[in-house]
Structure formats: C-alpha cells, structure tokens
Amino acid sequence: MGGTHGTETTAGPVLGPVSPEETGATGEAGGNPEAMAAVTRAVRAVLPANAVVSDRIELRTYECDGLAHYRVTPALVVLPQTTEQLAAVVRACAEHGVPFVARGSGTGLSGGALPRADGVLVVTSRMRTIHEIRPADQRAVVDPGVLNLDVTHAATPTGYYYAPDPSSQQICSIGGNLAENSGGAHCLKYGFTTNHVLGAEFVTPQGEVVQLGGLAPDAPGYDLLGAVVGSEGTLGIATRAVVKLTRLPQEVRTLLAGFASTDDAGAATSAIIGAGIVPAAIEMMDALAIEAAEAATHCDYPAGAGAVLVVELDGPAVEVEHEFAQVERTCREHGAFALRVATDATERALIWKGRKSAFAAVGRISPDYIVQDGVIPRTALPGVLRAIAELSASSGVRVANVFHAGDGNLHPLVLFDDAVEGAGKAAEEVSGAILDLCIGSGGSITGEHGVGIDKAAYMPKMFSDEDLDTMQLVRCAFDPDGIANPGKVFPTPRLCGEVPGKKRGAPHPLVAAGKAEAF
Amino acid sequence: MTALGTDLGAARSALTSACGDVADATEADAVDGVQPALVARPASTPEVAEVLRAAAAHGLAVVPRGRGTKLTWGRPPERADLVVDLSRLAAVLDHAAGDLIVEAQAGTPLADVQRTVAAAGQRLALDGTVEGATVGGTLATNASGPSRVGVGTARDLLIGVTVVRADGVVARAGGRVVKNVAGYDLGKLVIGSFGTLAVVTEAVFRLHPLPAARRVVTAPFDRPEEAQRLVQQVVQAQVVPSAVEVDWPAGGPGSVSVLLEGIEAGVEGRTATTRQLLGPDAAASPDPPAGWARYPWADGPGRPTALKATFALSGLARVLATARSAAADAGTAIDLRGSGGAGVLYGALPADADAAAVAAVVERLRAVCTRAGGALVVLDAPPQVEAAVDTWGPVPALDLMRRVKERFDPERRLAPGRFVGGL
C-alpha cells in the first residue's frame, strides 16, 4: 500500500468562519500553572520517568495529528502502559480541572487529537498488546494502541480479519478508530468501527474504569458504547476493546474500469447498486485525481479516462464470479472503454495503489490542498459533481475528486498554492461551499474523518440548536466539568450546570464574558 | 406522587389543546398492571412535542406506546399517568430506493415498512418477531430475530432518528446517509432504552436488497455439545449464513437451522456444502421451519416467563445444557430458541411455573451467561414472578447510565422504573 489518509500534510488555512484560537478551543499556554504543576507531580508519582514528557522540544513532536495545519504544543504528554496508569492520569486531571486529550497514532484528519495548550495529551501508543484472538467467538480483545492492521495480521491464521480498513490502517490505532468511528473503502458492505466494536474497558473523565458491552451482543442497559464510539475523545478514553472478527472471504475480485466522464462512472455505480449487488467497495477518481496518481505511482490507469471506478466484490466464489460478470457488463453498458481485472493479491494491490495513494499524490500537482470528507445520498452524485465542477470553474480553484462512490462519501481535494496571495482563502471558500452542497443534498459534513476541531464550526449548519443541546446532555452526563477533549466536535463551549436543572447564582465567568452558553 | 389526583381536569385540557385526541384510559391501557389516567394520540412529531410539554407542565409520568405488543417487557413502571400512543404516526415518510434508505414514523408497523420497500426489491433487515410490532417499539426494546447473524440488529441499521425529550424538545441525530460521523450517535442510546430517555417519533434505516433465492438447511441434535459443534461448523465455513438458529423445545430433540440467501446458483452450492457440514440427517427446504423469527413463548398459553440469554459463541453448549438442567431441577421445563450463531437465545418457562422455580433457573442461567461474557434478562414474566426475580440482573456502568437518565429526564417522568437499575 502506498500513501495513506494519515501520513501527508494537509497544509492550508484554518477552515470555517472562526479559528480555534479565537474560540479558546485549544486553551492558553500557561493558563493555570498551579493546577498543571499539581497534575505533573501526581502523574510523575504513578508513571515511569520515560512515560512523562515535559521537555519543550519533545512536546512539540506531539503538536498536531494528521491535520497538520493546526498546531498546539501540549503542556504535558503522558504515555501510560496500563489502564491503571491511564486512569490515574485522568483522575489527576479531574481533581485539578485540567483538560486532557487522547491520542492514538495521531493519524486523524480532523484535528480530533489536537492538543490543548493548557492540558495533558494522553498517548495510548504504548498500550499495544493483543490480548486474545478468539476465532470460536469471532472476537479479539486488544489494547487501544494496537494498530488496526495488526489485528488482521493476528487473526488471519485463524481464518478471520478485522473488517474496518481506513486507508491509514498500517499505522492508525484501534483506540483512535474507536474514538473517530473510522470507516474505510470497504465499509460499504461491512460497516464502520461502530458495527465492529462490541465492548470496551473505558476510563470516564472522572478517572473511573467501567466496562461497556462485552464479548456478547446486546448488553442490558443503555448502549453507552454506541455513544462513545465516534465521540472523538469527548466522553473518555477506551483502554481496551472487544472487536468483532469477520470471516475471510472465499474469493475477492477487483475491477478497474475507465470511463469518459464521472457522469458515466456514476451511472454505472447506480446501476450496480440498483441490481441488488452489494460490492465490498466502489471507489471513483476523476481526471485530475488520476493525473496526480499517475504522476506519483505510475499506476497505469486507462489513458484518457475522465473517471475510473475501482469495484471490489468478495464472498462465496460462485456469487462473486456471477456478480462480477454482471458488474463488467454493467460498466460496459455505461460506456467503460477499458476494463482491467485483478484475481490475485498482487494485481489487486496494483489497482488499489493508485486509489490509496491519491491524497498523497495530489502533492505532485499542487503544493497545498484541503481534503474534504462530505457525504451525499448516492443518487445526488451527478448533480453534486456538476455543482463542484461549476464551483471550480467559476472560482478558478482546481478540485480533484476521489471518493467512495458506493456510499456517497466524497473526498474532494481542493488544490491551491499558499505562496499565492489569497489562494488559501479562495480554496477555503470552495471547500466550505462543497460542504454546503453536501448538507443541501441531505448529506453530512463528515463521513469518516470526524468533526474534530476542523468542522466544529459547520455543525450548526447540519444540526439545530436543539439537536446540539441534546447531544450535549450526553456530554454532560459523562463529563460535567468539560475536561475531556474540550473544544472539539461542538462549536460553542457549553457548561453543564447541576442535575437536575438547578441554576447557579452567579453566571460562570465564561458565560459572563460571552465565550460560552450556560446549559 | 401524581399530579392527577388534584388536577386531572387541567392536565386533560392542556393535553387536549396539545393534540386533540385525548381520552380516559381504560383497563386495556394498563402498562404491566399499572393503570394510567389518560391516553393521548398525537399525529405528528410537533404534536408529540406539545403533548410532552403539557405532560411536563403537569408533572405527568409518561409511557410511550406503539401497538402495545411488548408493553409488559421490562419492569412495571413505578407510575404511569399518561400513555402517549404513537399509532397515528404510522406513515412511511420516504423510501429512497436508489439510496437504499427508508424513513418511517415510529408508530408504523414493521410489516408496512417491509411492504413498501419490497416493491423496489428491498427489505429492512429487522425481523418482525412479534405480530403487529412497530418501528418505535422494535427500537425501544431492541427486538431482533434470525437476520442478526447476517446483517446485525437495529444498531447496525438505524442511521437517523428524531426524538422528543421529556421536556418536549425535538432533537434529531444522524441523518439520511449511511456513512456519517457528525455528532453523537443518539440513535444508539435510544435503541433498547424502553422509552426511558426520549420518545422516538421518526427513524431512518438503511435497507438491503431482497435476495433472489433462499434456502434453509435444518439438522437435528440431541445434545448441547452437538448443537455447538454444528453451529461452529457453519460459522467457520465459507457458506456465509444469513441466519443460524437453534431450536430446542422442552423435552423434544433440538434442531439447528441455517438460512442461506443470495443468487440461485450460489445458494444452491452453499446449500449442498451446508448439508455436508451438518451431517447425514440435514435436510434442505425452500421455507424456514415453523416458529422461525418467533419467540419461543409466542404460542404458550397465558403469560410465560420470557428470558433473553446472551453469550460468547463458544458458550452455546453450556447455556443450552444449564437452561435445561436448571429447569428440570426446579421442576419445570424450558423452551429454547434463538440465534445460536450470534450468541443469543430466548427461553420460555410456562405461565404457571412456580416463582421460586423460575428464580432458580434465572440464577443458574445468569451465572453461566455472565461467565460466557454475556447476560441474562427476564424480558417478561407473570407478576408473581416479576416480583421474585431480578429482571435485569447486574449491569456494569450503571452509575454512568443513571447520569445519562438524569440529564435526559431529570424528573424521572419517562417510564420510570421500567429499565435497568430502576431507571
């Protein structure tokens, strides 16, 4: 596999109407020195010396995640090796009111693991034990720092694998996947992280260790795990996960089809889905994305193609063979002028190489770019692609399109050169307008990268105040003091107030200063 | 404390101006033996919001109801002043066939949803395990059937939800696209919450194509170890079962049934393979056996005790064996049926079984399920049994669940006491 979602820099300006610094979302350095000193003392008492980082230079190596244009140096970094150590760190934070941010491998693309200048960055990368592979139960029990692909590697000898496959799967961690509800090219058929995490050991923002779910499904009580998965570290930190293992498919076949236009490729996609076929993946790239991939990886995609589709089918051999023939026929009927079929792993890797390296490859044709992650109903694809093309034409900002066509998850790459005056701002406007198109078509501002710090400002475009207030009820139940990754996901800091419904006498200083809403 | 004793008239008039369809409750409206005073039948999400605001203003305890098919599940509520009947919210709002999604109101019978989407060759892969069950009731109880082995349960299918909170605020989460990670997934929280967090009024689901062909292969077993061996044979093979059901009626021999779906050519081959896996006594049929997607208590007389046992797959034999021997030791009998391929079994004990006998079975079975990484819940039981058993059993993270309940329903007016830990 080539480049991944998480390894390249997405340089560019701050998205959204308000930069995080202005909202206070990342805290102020040296904000509360006494509390920080107390937490540092408490942490040093329970963690080995090499698990606590406070040196200014070393701290800077943690200043961003995969969304590198936001950078904040954390006040302290800790690398616990056990649940007990991690819980002790969180307890110290809770006791002194110090915010903490969890980080796995730091590959996230929405700044979900962007540190707080006044807080502790809790890194789970040293919690890396695969505790159990249980093929008879179709489960694995792993630490949060275990790499996604390592679960599959450990399970493969037993005939199983871990299905969610974000492009960064070689380096991203299960804990980070759980926090972000990570997807991947194959979630069209297999679902997202939330469909594959059955249980977790979880540290609440008070530092309590609780069990959510387990080996068996349908644990009695509220499905707190369902709320935690995808909550981007704002409800606490998972310290162990029970994940579902999926039987390795008997047969996998991959097709690369070249089309004259994205309209043709999109029509082929609709026809495949409309025929009742559920492919493991359907990916599309447009001409500009193909050009970039060619330049970077010489993937040998069909010359002159206005769009390519990568369609992968997996499952029982007879079904795959039958449906594959149907897919080939459908592609031809919709104007595919070149078809290439992979039947073994090497050929498959070659076809995927261009697609998987697309983000990084764009660096070959543009010095800077913004990756978007909007979602639209699949049937809106032709209209939205045309609208993006019009946006691009009218603004002069180039947009390369790479996306999961099967589930309508677009990854437009908005290209610009930051050295050119005003180019960043123009790109940012196009990027925002694309999100507006997604929302307008009944879609979402993020399909798999998360809201993080990057899209928090867009949440009110997708959700009403009442929706966001209701989500905030969950936040307040878990984290009434607002110390778990504050400033992420939600646009405005909100204070929780007492339960039930008591009002404090004097307004909170943040409310008085107009920086937060009481809730 | 109910506000109704003193101010029933005022509450009624507030509710009437909220939705216009408010009536005195009859005995038929009782919620697991608890008699409410009023029934409101709002016809839209805004009306549900108005009703809940009126209920909040008058301090009424509220129990949401679909068609009332599972209203005795869980504990009886501590109080129930008002039943919010959602049967007038019965529309399939949108079926976007090209996007494989459907949006339906909470009071819509699942069967109506299935009829609508079947016209486009699609299905909502949630089994209607109880005749007449609605979208909302299915979500509230997290009901599921055999299809869970192939496609999962409500939590894997619900992609958007509209709820009305106890204070009458309308909130939405998720959306109309399958792939979406914006904001907290409130849908997960309301699934299986028994109406204690909010009233679901609308739901959006992902759909699946209807298979062109289906076949069921059934094989008998007489010992629990044999059942587990057969189930493991199937799930470890490459036959991609849509369902793996185990049926073990009290006293009789058991059977393992495997549902295979797909295109004709593929199903034919996998049927042959499955027959080989299940041994010489295995037989194939185009239709599922009797009792498919029905709980084992469905045909019992009276109100049997209904159990739900969950466990890691490798615990199947122990759960089967323990259930039967515990029932025999207690002088009663248990019918067992469920998704052996997913680690879920349902048990039925006779309506006239002695409460102490049921309690003994619950205790032993719960211990085995817990050791196997799962739990045992008493979904339903006659009043004397409900009084004698721990319905929900020990629940980890209960304190956190209580905090969630306190935030959503600080006055404890939504189905109070029906859920785990008295929530």
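Predicted model: local features only at pLDDT ≥ 70, side-chain atom pairs only at ≥ 80, totals over all residues.
Biologist: What makes you say that domain 1 and domain 2 of chain A are in contact?

Modeller: The test is C-beta atoms within 7 Å of each other. The contact takes in 14 residues of domain 1 of chain A and 21 residues of domain 2 of chain A.

Biologist: Which elements supply the side of domain 1 of chain A that touches domain 2 of chain A?

Modeller: Helix H4 (83-96) and strand S3 (100-103) of chain A each give at least two residues. H4(A) has the largest share, with six residues. By class, that side of domain 1 of chain A splits into seven nonpolar, six polar and one charged residues.

Biologist: Now to the two chains. How many residues of chain A are in contact with chain B?

Modeller: 73 residues of chain A meet 71 residues of chain B. On the chain A side, the elements giving two or more residues include strand S9 (209-213), helix H11 (317-333) and helix H17 (465-478) of chain A. The largest share, nine residues, belongs to H17(A). Sorted by class, the chain A side has 31 nonpolar, 31 polar and eleven charged residues.

Biologist: What makes the buried residues of H5(A) line one face of the helix?

Modeller: First, who they are: in helix H5 (residues 148-155) of chain A, the buried ones are Asn148(A), Val151(A), Thr152(A) and Ala155(A). Look down the axis of H5(A) and these residues fall within an arc of 95 degrees, so they line one face. In H5(A), the buried residues pack against elements including strand S5 (130-134), helix H6 (174-180) and strand S10 (237-244) of chain A.

Biologist: Why is strand S12 of chain A called largely enclosed?

Modeller: Seven of the nine residues of S12(A) (residues 251-259) are buried, so the rest of the structure largely encloses this strand.

Biologist: How do you know which strands S12(A) pairs with, when pairing takes at least two bridges?

Modeller: Nine bridges join S12(A) to strand S14 (residues 307-315) of chain A, and the two run antiparallel. One example there is Arg253(A), whose bridge partner in S14(A) is Leu313(A). S12(A) also pairs with strand S15 (residues 338-342) of chain A, over five bridges and again antiparallel. In S15(A), Val341(A) stands opposite Leu255(A). Nine and five bridges both pass the cut-off of at least two, so both count as pairs.

Biologist: Why are S1 and S3 of chain A called edge strands of their sheet?

Modeller: That open sheet has four strands in the order S1-S2-S4-S3 (chain A), with mixed pairing. Strand S1 (52-53) and S3 of chain A each have a single partner strand, so one side of each is left without a neighbour in the sheet. S1(A) pairs with strand S2 (residues 76-78) of chain A in the antiparallel sense over two bridges. In S2(A), Val78(A) is the bridge partner of Val52(A).

Biologist: Which residues have the most contacts inside the largest nonpolar core?

Modeller: Val120(A), Val122(A) and Leu309(A), in a core of 311 residues. H4(A) turns up again, with the largest share of this core, eight residues. Beyond its neighbours within four places in sequence, Val120(A) is in contact with residues including Val39(A), Leu76(A), Val89(A) and Phe100(A).

Biologist: Why is Gly450(A) called buried?

Modeller: The cut-off is 20 or more other C-beta atoms within 10 Å. Gly450(A) has 30, so it qualifies as buried. Gly450(A) sits in the loop between helix H15 (423-440) and H16 of chain A. Its C-alpha atom is 7.5 Å from that of Leu109(A), though 341 residues separate the two along the chain. Not counting residues up to four places away in sequence, the residues Gly450(A) touches include Gly108(A), Glu232(A) and Val181(B).

Key: Residues numbered from 1 in each chain as written. Chains lettered and ligands numbered in written order. Contact = placed C-beta atoms within 7 Å. Nonpolar A, V, L, I, M, F, W, Y, C, P; charged D, E, K, R; others polar. Buried ≥ 20, exposed ≤ 12 C-beta atoms within 10 Å, placed from the backbone. Arc of directions from axis to C-beta. Core = buried A, V, L, I, M, F, W, Y, C linked by C-beta atoms within 7 Å.
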